[in-house]
Amino acid sequence: MTSVVERLRGDAPVFSVEFFPPRDLADEAVLWRAIRELEPFDPAYMSITYGAGGSSRDGTIRSIARVATETTLVPMAHLTAVNHSVAELRNVIGWYAAVGVRNILALRGDPPGDVYGEWVPHPEGLTYAEELVELVRSLGDFCVGVSAFPYGHPRSADLDEDTKYLVRKFKAGADFGIAQLFFAPEDFLRLRDRVAAAGCDKLLIPGVMPLTTPRTLRTTVRLSGAPAPKKLLERLEPLEDDPAAFRAEGIDVVTELCERLIAEGVPDLHFYTFNRSKATREVIRRLGLVPARA
Ligand code: FAD
């Protein structure tokens with residue numbers, strides 16, 4: 001099974017997609033429609049998140065197994081340390097290996113319920129993602145990714161501390177990092193510069209979400225941990241009551257962001273799809289990242 005890093009070795013930039021596990025049969029149908037619609041576009045890899053706070057774990061394992069066995073896509077499974085003993089984590093990692101998943105995004109995760117609440121590790125578990133990277137690495141020939149935060153993780157005291165711990169995850173064996181959502185290309189590029197300045201040359205991949213609705217804009221603000229810049233709000237806010245115009249402008253904004261990132265040499269654009277494929281397909285078509293046959 002191909003690794004994520006192998007898929008990013010080409011000269012041309014590629015794109016990848018992220019989904020979340022289905023909660024019910026209706027969700028599952030939506031997920032599989034999106035997967036099938038994106039498959040001909042040959043994403044470099046596709047990932048499935050690991051339920052926040054420990055929810056929908058079976059869904060992650062089931063869905064990623066199906067991707068590995070029933071599609072042509074390179075699968076990447078997310079895994080968090082939340083509420084798991086090391087023995088349970090070993091078990092899940094073993095499952096991933098057994099169904100043919102070689103790529104794992106190793107995350108600490110957030111406390112269940114209140115994501116900003118106190119982080120209490122499982123008594124026989126792990127405290128930081130760095131330890132999960134080491135565990136995954138120790139269990140087989142996995143390609144391991146980690147999360148990165150352009151504005152710093154909300155729990156980090158400052159960007160220096162944030163960079164220090166990100167670099168430790170790479171030193172622990174991570175092959176690449178995927179960035180949380182951000183607004184301006186410079187915000188991602190400064191993260192890349194900080195990591196390079198710390199002497200680390202591992203791949204950093206920007207996370208991107210098509211801004212199709214006011215809700216996706218609010219989600220970006222929440223997840224990024226930063227307020228939306230005035231320039232962006234001036235483009236989108238006047239269109240809040242006109243869904244078609246908002247969508248068109250939002251797709252323009254994200255396409256421009258991606259164009260700049262490609263010009264800066266990013267190897268991959270990682271799309272947070274929310275289990276829909278249309279907007280992602282539109283952006284990658286406009287960026288010319290589509291194979292001739294799709
Ligand atoms: P860590 O890297 O462990 O960092 C957590 C905090 O501790 C940071 O402030 C860091 O600076 C600090 N820190 C790290 N190491 C040390 C150390 N050794 N000593 C002291 N401090 C340290 N959540 C899910 O539940 N499921 C998912 O599938 C999921 N997928 C994600 C995908 C991406 C691309 C991103 C960006 C986030 C994802 N998340 C997911 C959210 C993530 O779990 C949370 O952001 C969580 O709060 C942090 O996880 P982490 O792996 O970054 O933690």
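The count of aromatic pairs comes to 4, where rings of Phe, Tyr and Trp (its six-membered ring) are paired if their centres lie within 6.5 Å, and planes under 30 degrees apart count as stacked, over 60 as edge-to-face and the rest as tilted. One of these pairs is formed by Tyr-45 and Phe-176, which are tilted, with 6.5 Å from centre to centre and 55° between the planes. This pair links distant parts of the chain, since Tyr-45 belongs to the loop between α2 (25–38) and β2 (46–48), while Phe-176 belongs to strand β6 (residues 176–179), 131 residues apart. Helices (H or I, at least four residues) and strands (E, at least two) are DSSP runs, numbered from the N terminus. Another pair, Phe-182 with Phe-188, is stacked, at 5.6 Å centre to centre and with 25° between the planes.

This is a predicted model, in which local features need pLDDT of at least 70 and side-chain atom pairs count only at pLDDT 80 or more, whereas totals for chains, interfaces and linings use all residues. Residues are numbered from 1 along each chain as its sequence is written, and side-chain values use heavy atoms, with hydrogens and water left out.

Arg-66 lies over the face of Trp-32, at 3.9 Å from the ring centre, and Arg-108 lies over the face of Trp-119, at 4.1 Å from the ring centre.

Turning to the ligand, we find 24 residues around it, the closest being Tyr-50, Asp-110, Ser-147, His-153 and Lys-169; a residue is near if one of its heavy atoms lies within 4 Å. Which element gives the most to this shell? Helix α6 does, with 3 residues, and β3 (75–80), β4 (103–107), α5 (129–138) and α6 (159–171) each supply at least two.

Among the individual atoms, a polar side-chain atom of Asp-110 lies 2.4 Å from an oxygen atom of the ligand, and a polar backbone atom of Tyr-50 is 2.7 Å from a ligand nitrogen atom.

Key
Lys NZ or Arg CZ within 6 Å of the ring centre and 35° of its normal. Polar contact = N/O pair within 3.5 Å; in protein donor to acceptor, adjacent residues only side chain to side chain.
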